[in-house]
Amino acid sequence: MQEVGRTLVYFGHSAFLIKSSSNVNILIDPWISNPINKAKIEEFTNRVHYILITHGHDDHVGDTLSIAKAFDAEVITNHEIANFLHFKGLNKLTGMNTGGTYRKDNLSFTMVEATHSSTIHDGERMIPGGNPVGFVVTLEDGYKLYHMGDTGLLGSLPMIAELYKPDILMIPIGGHYTMGPQEAAYTVSIIKPKVIIPMHYKTFPLIDVNLEEFIEKLSPAFKDRVIPLKPGDSYSF
Ligand code: NI
Ligand code: MN
């Protein structure tokens, strides 16, 4: 693949940094302090422009509050989580909902469905966190990355595939809380991405799935499209 200065950095679990070719930096589900990651954002950039959050669970909201403040980043998430973060003191927030697209800096962020839950854990309380989502991020050169968030199988996969044609798919494979290797391999057969980045596995015992279990279930055409990233790895595309 021809390299045009786009980079994806993995921080473990579902946390990624996308660096676009015009140096716009987008963090997704920034649980940087997860137990399998030692890498720091500052090793890769000193600017974060956007933070996308797929749902309200702690392992996805992660370190949003401290990172958004430290980098003066704009948080893009569902309406309910955006309101929650406003009450927690953030001001650069864009709340949206499933089906919508937010355009800024020649990028676009499209919110698609996920089948999961989205409760926010706030101290001793559990707060309704709207619907869980995935994001299709379209970079300024048209390149598309689809981060599925936490999800099981989706009835809308064929529509997402046809409408958005994602180039890179970030897909949960760990099972238990999300789809596992079998469902993930089926999802790949529908989306047909050029690059497959597995996520949401190995972070803790209940999702201790081996990458090989997933690759084994992929049809031959897709096996060599898997790019396994370890926390702290980056991938240029
Ligand atoms: Ni979750
Ligand atoms: Mn999760």
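Which residue lies over the face of Tyr143? In this predicted model, that residue is Arg6, placed at 4.0 Å from the ring centre. The briefing below covers the two metal ions and then the aromatic contacts. The nickel ion (ligand 1) and the manganese ion (ligand 2) are 3.1 Å apart, with Asp150 coordinating both. A search of the whole structure also finds 7 aromatic pairs.

**The nickel ion (ligand 1)**

- Its protein donors are His55 (NE2), His57 (ND1), His116 (NE2) and Asp150 (OD), which lie 2.2 to 2.3 Å from the nickel ion (ligand 1).
- The 4 donor atoms subtend angles of 86 to 178° around the nickel ion (ligand 1), so the arrangement is irregular.
- Along the sequence, the donor residues of the nickel ion (ligand 1) follow the spacing H-x1-H-x58-H-x33-D.
- Distant parts of the chain are linked by the pair His57 and Asp150, which are 93 residues apart. His57 is in the loop between β4 and α1 (58–61), whereas Asp150 is in the loop between β12 and α4.

**The manganese ion (ligand 2)**

- Asp59 (OD), His60 (NE2), Asp150 (OD) and His200 (NE2) coordinate the manganese ion (ligand 2) at 2.1 to 2.3 Å.
- The spacing of these donor residues in sequence is D-H-x89-D-x49-H.
- Asp150 and His200 also link distant parts of the chain, being 50 residues apart. Asp150 belongs to the loop between β12 (144–147) and α4 (157–164), and His200 to the loop between β14 (195–199) and α6 (211–217).
- Both Asp150 and His200 are buried. For Asp150, the relative accessible area is 2%.

**Aromatic contacts**

- One of the 7 aromatic pairs joins Phe11 and Phe44, whose ring centres are 5.7 Å apart. Their planes stand at 85°, so this pair is edge-to-face.
- Phe11 lies in the loop between β1 (7–10) and β2 (16–19), and Phe44 in the loop between β3 (25–28) and β4 (50–52), so the pair ties together parts that are 33 residues apart in sequence.
- Phe11 and Phe44 are both buried.
- Tyr235 and Phe237 form a stacked aromatic pair, with 6.0 Å from centre to centre and 15° between the planes. Tyr235 and Phe237 are likewise buried.
- A cluster of Tyr50, Tyr102 and Phe109 is linked by ring pairs.

Note on methods:
Residues numbered from 1 in each chain as written. Chains lettered and ligands numbered in written order. Predicted model: local features only at pLDDT ≥ 70, side-chain atom pairs only at ≥ 80, totals over all residues. Heavy atoms only, no water. Phe/Tyr/Trp six-rings, centres within 6.5 Å; stacked < 30°, edge-to-face > 60°. Helix = DSSP H or I, 4+ residues; strand = E, 2+ residues; numbered from the N terminus. Buried < 20%, exposed > 50% of the residue type's maximum accessible area, 1.4 Å probe, protein only. Lys NZ or Arg CZ within 6 Å of the ring centre and 35° of its normal. Donors = N, O, S within 2.8 Å, 3.2 Å for Na, K, Ca; no water. Tetrahedral: all angles 85-135°; square planar, octahedral: opposite > 155°, others 65-115°.
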